[in-house]
Amino acid sequence: MNAVRKNAWVLGLLVLLVVLLGVTKLIQPSFGATGLESLARAALPFAFATAGMAIVVIVGGIDLSIASIMAVCGVTAAVLMQSMGAVPAVVITLALGGVMGAINGGLIVVTKVPDIVVTLAMLFVWEGVALLILESPGGTVAPGLRSLINGSLVPFVPNALLVIVIAIAIVWVPVRRSKLGLSIYAVGSDELAAFRSGVSVGWTKVAAYALAGVLAGMGGLSLIMLTGIGEPVPGPYLLASVAAVVLGGVVLGGGRGGLLGPIIAVFILRIIRTILTLANVDPNVTTIVEGVVMVAVVMLGAVLTYRGTRT
C-alpha cells in the first residue's frame, strides 16, 4: 500500500496514457502495433532530452541548451560515421555530450551565475558549434544502428521503447543507487544542508550536468537514427522536455522526482498530438494546442514550486 501511495502520480500517468491510447483506438480502429511503433520512434529524442533535463532539475538547476547539445551530438555522429565505424562514432558522441554538459555545469559552479543565464548563453554557443560542424543537413548513419529502432523483437513492444528503457536504465539506475545519486537529491533539496553534510555541491552539479549531456548525446544519436542525416538546427525539445519533466512529477525546485514519470509524460504529450492529427485537426491548431498544454504544465509546476517554498 505504501508503494502505491509513493508512486501514485506515476500510476496516475500510466492510467492516463492507457486511456489516451484507448481514445486513439476509438478514433482510428486500425491503430495497433504499427501505431505504437511509430509513437515510440517519435518519442525517442523527446525521451532522452526529458531524462537529461529531469536529472538537472532534480539537482536544482535547468539546462536551456539541451536541444543544442543534441544538435551538436547529432551532426558529430553523422559526420564521424562517414569515416569510421558506428561503435567508435557512438562512443565519441556520448563522450562529447558528457563534456558539453560538464562545461555547462562547470561554468555555473565557477562563475556563480544562475544556471538559466549560463545555459541560455551556451544555447547559442552550441548552436554555433553545430553549424560549424555541418552547415546544412547531411552526413550519414550506419544502417545497423538505424535498424535498432525499427520493428518489435517482443510482440507489441516496439524496439524504440526498449532502446529508451535500456539506455536510460544503464545511465541512471547505477547512479541513482550510488553516493552520487544521493548527493544529487541532497543538493537539489537543500544546497546548504548538503554542504554541511559533507557533500561536494560543485562536483555534484557538474556530474549531474554531465549525465544530462550524455543523455542529450543519446538524443542526438536517436535523431540521426530517425532521419538518417545530421540536422544542425536544434529541434523543439527544450520546452517539451521541461513540460514532460513537470508533468512527470519532478519538482522544479529540485530534490524530488525520478525519470519514470517524465518518460511516461513524454508518451502522453506525443499521443495527444497523435489524437489531434487523427481527428483531422488543422496542423497549425495542433501546434497551438501542444504549446498551450506545455506552457500550462510548466506554469502549474512553477506555481506548485512557489507555493512549496512558502510553506
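Reader: Trp172: buried or exposed?
Author: Trp172 is buried, at 8% relative accessibility. Buried means under 20% relative accessible area, exposed over 50%, and partly exposed in between (1.4 Å probe, protein chains only).

Reader: What kind of model is this?
Author: It is a predicted model: local features need pLDDT of at least 70, side-chain atom pairs count only at pLDDT 80 or more, and totals for chains, interfaces and linings use all residues. Numbering runs from 1 along each chain as its sequence is written, and side-chain values use heavy atoms, without hydrogens and water.

Reader: Back to the Trp. What does Trp172 touch?
Author: Leaving aside residues up to four places away in sequence, Trp172 touches Ile55, Ile184, Tyr185 and Leu259. Contact means heavy atoms within 4.5 Å.

Reader: How many residues are in the largest nonpolar core?
Author: That core has 92 residues. Ile55, Met81, Ile168, Trp172, Ile184, Leu215 and Phe267 have the most contacts inside it. Helix H3, residues 33-58, gives the most to this core, with 15 residues. A nonpolar core here is a set of buried Ala, Val, Leu, Ile, Met, Phe, Trp, Tyr and Cys residues joined through side-chain atoms within 4.5 Å. Helices (H or I, at least four residues) and strands (E, at least two) are DSSP runs, numbered from the N terminus.

Reader: How many aromatic pairs are there?
Author: The whole structure has 2. Phe46 and Tyr237 are edge-to-face, because their ring centres are 4.7 Å apart and their planes are at 65°. Rings of Phe, Tyr and Trp (its six-membered ring) pair if their centres lie within 6.5 Å; planes under 30 degrees apart count as stacked, over 60 as edge-to-face and the rest as tilted.

Reader: Where do Phe46 and Tyr237 sit?
Author: Phe46 is in H3, and Tyr237 is in the loop between helix H11 (201-227) and helix H12 (238-247). They are 191 residues apart, so this pair links distant parts of the chain. Phe46 is buried at 12% relative accessibility, and Tyr237 is buried at 9%.

Reader: What is the geometry of Trp172 and Tyr185?
Author: That pair is tilted, with 6.5 Å centre to centre and 45° between the planes. Trp172 is in helix H8 (residues 159-176) and Tyr185 is in helix H9 (residues 179-189), 13 residues apart. Tyr185 is buried too, with a relative accessible area of 12%.

Reader: New topic. At what angle do H8 and H11 pack?
Author: About 170°, with the axes 10 Å apart. Axes are lines fitted to C-alpha atoms, for helices over the stretch in contact, and angles run from 0 to 180 degrees between N-to-C directions. H8 and H11 are therefore roughly antiparallel. Angles under 35 degrees count as roughly parallel, over 145 as roughly antiparallel, 65 to 115 as roughly perpendicular and the rest as oblique.

Reader: Which residues meet there, between H8 and H11?
Author: Ala167, Ile168, Val171 and Val175 of H8 meet Leu211, Val214, Leu215 and Met218 of H11.

Reader: And Lys205, buried or exposed?
Author: Lys205 is buried, with a relative accessible area of 17%. This lysine is in H11. Beyond residues up to four places away in sequence, Lys205 touches Val59, Val109, Val187 and Glu191.

Reader: What about phi of Lys112?
Author: Near 65°, a positive value in a residue other than glycine. Lys112 lies in the loop between H5 and H6 and is exposed, at 68% relative accessibility.
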